Amino acid sequence: MGGLSVFLLMSPLHAETTPVGEEAGRPAIQWHEWGSEAFRRAQAEDKLILLDLTAVWCHACHVMDRTTYANPRIIQLLNDNFIPIRVDTDQRPDLEARYRAGGWPTTNLLLPTGEILFQANALEFEEMEEMLHQVQSIYATDKAALLKHASLLWKRVQEKVEPSPSRGNALQVSMVEQSVEILRKQFDAVNGGFRDAPKFFEPEAIQMAFAHGFFEDDPELIKMGLDTLEKQVPLLDPVWGGFYRYAEQADWTQPHFEKILMIQAQNLRNYVEAFQLTGDLQFKRIALALIEYVSRFLTDPQTGLFYESQDADVRGAEEGRFVSGTEYYALSESRRLAIGIPRVDQRMFTGSNALMAWAYLYASPVLGKPEIRETALQALNRLFEKRFDVKRGLAHVETEGVHNLYGLLSDHILFGQALVEAFSSTGQSRFLQNAEALAEVSQQLLQDPVHGGFFDHPRMSDTLGLLKLPTKPVTENFRAALWYLTLFHLTGKQEYRSISERTLQSMVTSLQPLPIALAGLAIDQWFRIPVHIAVLGTPGDPRAKALLLEGRRLYCPGKIVRGYDPQEGQPKWGEIVFPFDGRPVVFVCTDRICSAPVFQEEAIKESIAEILAVLKEPVRSK
């Protein structure tokens with residue numbers, strides 16, 4: 001392995017698993033959990049740390065366990081001369097944010113205090129052995145310089161004061177067009193998608209293409225999203241449904257067969273939106289196949305919560321039993337079942353459950369599946385009741401009855417968005433109240449009151465290694481800005497709008513690479529007045545129900561659909577007071593103007609189109 005690179009981390013990189021013990025009388029690596037005991041040993045014994053970032057679903061991790069980590073020389077070398085730590089990144093996303101490089105697995109060699117000396121991904125036995133010897137030699141030779149470098153790193157972190165950006169013109173509408181132009185340039189016109197090989201899903205790029213194309217009457221942009229959804233179908237399991245994780249080739253072939261809950265949720269939203277835009281039944285069929293897969297394989301029948309993932313391969317308990325995903329997923333259902341089912345990770349994480357609930361709630365009225373709405377609401381209610389603490393926020397996961405890792409930004413944002421979707425879906429005020437309670441604790445635990453934006457976790461007692469680095473992840477911050485902006489539109493509370501603005505400003509003036517599509521989507525929604533669909537009528541009236549359902553079914557990004565019961569007083573939204581003559585009726589509004597009254601479902605779409613003409617000019621003139 002020529003040219004071994006050794007470095008210290010200068011800025012944040014963009015289930016603790018059960019330790020492996022003796023098997024069949026053979027030695028095994030004595031993995032430690034991430035924690036103070038492992039770091040105490042590393043420092044007391046002056047040993048480097050091998051930090052293995054893995055995931056339950058990771059095919060390459062399983063291969064490395066069967067080969068490299070099963071090699072007797074590697075086992076002895078790690079057990080005798082290093083402190084091996086294994087971390088499951090689903091269980092600890094805060095560690096993934098700081099230590100993962102490239103993909104899974106990430107093999108880190110750390111100083112005893114947790115700074116990075118070397119990183120690689122999957123390593124074969126010979127590469128691993130050479131790397132361990134070389135890094136150990138470098139540490140023995142240059143220990144003083146490396147430790148001094150590490151101390152200077154932390155001194156710079158402590159002294160660093162983020163400059164306050166100019167708030168006057170940080171956000172510009174032109175940023176939206178810049179994002180769109182980058183998407184156009186990155187689009188693969190032959191194979192779909194927004195990169196070459198390997199091909200990963202780009203759900204927010206598709207969402208941005210649809211939304212901007214819809215509002216700006218740009219069919220070419222919409223077609224980019226639709227073509228991508230059609231071309232990526234080779235990653236859909238043709239037998240059981242569900243999307244694989246990614247493809248090695250630009251034409252979406254040579255899949256990596258892991259099935260991840262978050263990928264199912266994001267694809268469900270994309271395909272439902274494609275069906276809304278086009279009425280094309282192929283998109284509806286794919287969405288339904290995806291729901292069927294999640295319901296069959298990734299839903300806990302007792303709690304209604306969602307499991308995290310399913311493995312790519314079938315691995316048996318008996319020695320040597322292994323069927324690769326390439327072989328397995330080419331088989332018919334009967335032949336698959338004769339072999340067995342790839343292992344399902346039955347842990348239920350808060351953020352990914354919230355994302356799946358969000359997708360179900362959005363899909364339910366469009367696909368005519370009220371049962372998935374009830375599944376989503378049940379999941380949100382259960383998680384909020386069991387895992388939300390008004391002082392600590394949301395717990396990330398429950399393990400053996402104990403809730404762990406409170407207050408992660410990613411969990412808060414995804415759950416907050418799902419609560420808002422639940423309020424939009426049901427009109428029940430408790431979901432909005434819960435969203436506001438979560439927003440309040442998020443501000444207290446995670447918000448940067450000086451420079452804006454949100455840190456990824458609260459300041460906590462676990463500050464080992466790079467957890468000392470304060471990190472504001474750009475993706476979660478753009479999502480936070482969208483969430484707080486939606487809360488402003490729903491409640492009229494200016495505080496939410498201010499938080500959204502300061503968060504956006506802190507991100508666009510950040511030195512971190514921006515997620516182009518998500519940034520464009522967030523800034524576009526910041527400047528664009530949402531369409532408000534107000535449905536007046538008593539809740540039990542069938543006509544009022546039909547009008548509400550149609551309002552929720554139609555495609556219009558960022559729209560707010562609300563039912564108003566005239567028996568509870570004069571229906572109004574902000575300063576707009578709606579007339580009511582006793583007939584269920586719809587008004588489609590901006591913040592300044594409303595449509596004529598609409599009494600038939602089929603006329604709502606036309607009223608939205610008329611209102612959009614009013615929306616375009618303010619966006620372009622800002």
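What follows is a set of questions and answers on a predicted model.

Trainee: How many salt bridges does the count come to?
Mentor: The rule asks for a side-chain nitrogen of Lys or Arg within 4 Å of a carboxyl oxygen of Asp or Glu. One network of such bridges links Arg41, Glu45 and Lys47. By this rule the count is 35.

Trainee: Which residue meets arginine 347 in a salt bridge of 2.4 Å, N to O?
Mentor: The partner is aspartate 88, and the N to O distance is 2.4 Å. Arginine 347 sits in the loop between strand S12 (344–345) and helix H13 (350–367), while the partner belongs to strand S2 (residues 82–88), so the pair links distant parts of the chain, 259 residues apart. The residue asked for is aspartate 88.

Trainee: What is the relative accessibility of aspartate 345?
Mentor: Aspartate 345 also forms a salt bridge with arginine 347, at 2.8 Å from N to O. Aspartate 345 counts as buried because its relative accessibility is 2%.

Trainee: Which residue forms a salt bridge with glutamate 204?
Mentor: The side chains in this bridge are 2.9 Å apart, N to O. Glutamate 204 lies in helix H7 (residues 203–215) and its partner in helix H17 (residues 474–491), so the bridge ties together parts 275 residues apart in sequence.

Trainee: How are H17 and H18 oriented, roughly parallel or roughly antiparallel?
Mentor: Two packed helices are described by the angle between their axes and the distance between the axes. For H17 and helix H18 (residues 494–508) the angle is about 160°, and the axes are 8 Å apart. Angles over 145 degrees count as roughly antiparallel. H17 is therefore, relative to H18, roughly antiparallel.

Trainee: How many nonpolar residues does the contact of H17 with H18 have?
Mentor: On the H17 side, the residues include Phe478, Leu485 and Phe488. The H18 side includes Ile499, Leu504 and Met507. The contact also has 5 polar and 1 charged residues, and the nonpolar count is 12.

Methods
Residues numbered from 1 in each chain as written. Predicted model: local features only at pLDDT ≥ 70, side-chain atom pairs only at ≥ 80, totals over all residues. Heavy atoms only, no water. Helix = DSSP H or I, 4+ residues; strand = E, 2+ residues; numbered from the N terminus. Buried < 20%, exposed > 50% of the residue type's maximum accessible area, 1.4 Å probe, protein only. Axes fitted to C-alpha atoms, helices over the stretch in contact; angles between N-to-C directions. Parallel < 35°, antiparallel > 145°, perpendicular 65-115°, else oblique. Contact = heavy atoms within 4.5 Å. Nonpolar A, V, L, I, M, F, W, Y, C, P; charged D, E, K, R; others polar.
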